[in-house]
Amino acid sequence: MLTVPEVMARLKVGRSTVYDLIRSRRLPSLTIGRARRIAASALDTYIRRHLEETA
């Protein structure tokens, strides 16, 4: 499970962009207590889909 800052670093984007992806359900996440976590496999799927769309 990745934190929002870890996803930010991997995608080289800002915090608001990551939360926009989560809000729009393009990047699935779950909340554990007050912490937001993104599965590494969900991030890989998002990247793969994004690459396919732009290709």
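**Exercises on helix α1 and its surroundings**

The buried residues of α1 pack against α2 (15–23), β2 (35–37) and α3 (40–54), with contact meaning heavy atoms within 4.5 Å. Helices (H or I, at least four residues) and strands (E, at least two) are DSSP runs, numbered from the N terminus. The model is predicted, so local features need pLDDT of at least 70 and side-chain atom pairs pLDDT 80 or more, while totals for chains, interfaces and linings use all residues. Residues are numbered from 1 along each chain as its sequence is written, and side-chain values use heavy atoms, without hydrogens and water.

**Exercise 1.** Find which residues of α1 are buried, and explain why they share a side.

*Solution.*
- Step 1: within residues 4–11, pick out Val-4, Val-7 and Met-8 as buried (under 20% relative accessible area; exposed is over 50%, partly exposed in between; 1.4 Å probe, protein chains only).
- Step 2: these residues cover an arc of only 105° around the axis, which puts them on the same side of α1; the arc is that of the directions from the helix axis to the C-beta atoms.

**Exercise 2.** Let's follow Val-7: which residues does Val-7 touch?

*Solution.*
- Step 1: leave out residues up to four places away in sequence.
- Step 2: the partners are then Leu-2, Val-18, Leu-27, Ile-38 and Leu-43.

**Exercise 3.** Now classify Leu-30: where is Leu-30 found, and is Leu-30 buried, partly exposed or exposed?

*Solution.*
- Step 1: Leu-30 is found in strand β1 (residues 30–32).
- Step 2: because its relative accessibility is 41%, Leu-30 counts as partly exposed.
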